[in-house]
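Dear colleague,

Please find the structure below, handed over for your study. The notes after it set out what was found.

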Amino acid sequence: MAGADTELAEKIQSDVPHAARIWNYWMGGKDNFQADRAAGDAVAEVYPEIVVMAQQSRRFLVRAVRHLAAEAGIRQFLDIGTGLPTMQNTHAVAQQIAPESRIVYVDNDPMVLVHARALLTSTTSEGVTTYVPADYHDPEAILAEAARTLDFDQPIAVMYMGVMGYEPDLDVVRSIVGRTMNATASGSYLVLWDGTDTSPSVVAGAERLAQSGGVPYILRSPEELATCFEGLTMVEPGLVPIPLWHSDDPKDEGIDAYGAVGRKP
């Protein structure tokens, strides 16, 4: 195992801005390098709200998982494109409510895989937390590996949390989501949020990210994101700015990131 970790660590390029590490920086984490902080600061110069978006994205995840575990009775979660572990990860939230919950994390990033050990050692004795190294462009491979842990004859919550902007073609995004959800049972859920092109400043921030050497991120309209939920029944209040989805703070305001939870009939 140590050899595998060493091999993965050697693939990490600390001098090249990296999406997961930049996001970690915006969230206040410590798993980032100077190149990541420089790129993150460059974006924040033109779009200071990116830090709020990072923080609100985690709050949205927590509220969505809590709702699914406590209100919808979901006990299986497939978190695709999980990124670096931070605080209140999916398994921690779900297993606090239902210790028997089973969670599969998916990512194809070497640095994320190195940090996956922390996720795998913090699960409950009743539940299961596993990690699949895979790219979301290959949902069939993800589903095959996830089936070792999850029962696809029972409802599953499939999660795409702020990751679909790395795929420039919306039709490809819809295909990935559709192929994944088609494999799940009735009563399963899709949880998805992403950045939206709903202000000039966020568009400028995305442009600055690409100029700083980061992987370009495609911002889409809320209407485009809504097409990923076709055939599903939206949980109220539907597709909204993520701070407003089941908000637990009256001071929350809309931002340039929309999300929703949809149920498979």
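His246 is placed in the loop between strand 7 and strand 8 (257–263); helices (H or I, at least four residues) and strands (E, at least two) are DSSP runs, numbered from the N terminus. Please note that this is a predicted model, in which local features need pLDDT of at least 70 and side-chain atom pairs count only at pLDDT 80 or more, while totals for chains, interfaces and linings use all residues. Residues are numbered from 1 along each chain as its sequence is written, and side-chain values use heavy atoms, with hydrogens and water left out.

The loops

The phi angle of His246 is near 50 degrees, which is a positive value in a residue other than glycine. Because its relative accessibility is 33%, His246 counts as partly exposed (buried means under 20% relative accessible area, exposed over 50%, and partly exposed in between, with a 1.4 Å probe and protein chains only).

Another loop, between strand 6 (233–234) and strand 7 (240–241), holds Pro237. The peptide bond from Glu236 to Pro237 is cis, and its omega is near 10 degrees.

Ser101 is located in the loop between helix 5 (90–97) and strand 2 (102–107). With 0% relative accessibility, Ser101 counts as buried. Apart from neighbours within four places in sequence, Ser101 is in contact (heavy atoms within 4.5 Å) with residues including Ile74, Phe77 and Val128.

The aromatic residues

How many aromatic pairs does a search of the whole structure find? The search gives five; rings of Phe, Tyr and Trp (its six-membered ring) pair if their centres lie within 6.5 Å, and planes under 30 degrees apart count as stacked, over 60 as edge-to-face and the rest as tilted. Trp23 and Trp26 form an edge-to-face pair, at 5.6 Å centre to centre and with 80 degrees between the planes. Both Trp23 and Trp26 belong to helix 2, where they are three residues apart, about one turn of the helix. Trp23 is partly exposed at 23% relative accessible area, whereas Trp26 counts as buried at 9% relative accessibility.

Phe60 and Trp245 also form a pair: their ring centres are 5.7 Å apart and their planes are at 85 degrees, so the pair is edge-to-face. Since Phe60 lies in helix 4 (residues 50–71) and Trp245 in the loop between strand 7 and strand 8, this pair ties together parts that are 185 residues apart in sequence. Phe60 is buried, with a relative accessible area of 0%, and Trp245 is buried, with a relative accessible area of 0%.

Is Asn24 buried or exposed? At 3% relative accessibility, Asn24 counts as buried. Leaving aside neighbours within four places in sequence, its contacts include Lys30, Asp31 and Leu84.

Helix 7 (residues 139–146) and helix 8 (residues 170–182) pack at an angle of about 30 degrees, and their axes are 9 Å apart; axes are lines fitted to C-alpha atoms, for helices over the stretch in contact, and angles run from 0 to 180 degrees between N-to-C directions. Helix 7 and helix 8 are therefore roughly parallel to each other (angles under 35 degrees count as roughly parallel, over 145 as roughly antiparallel, 65 to 115 as roughly perpendicular and the rest as oblique). Pro139, Glu140 and Leu143 of helix 7 meet Ile176, Arg179 and Thr180 of helix 8.

Yours sincerely
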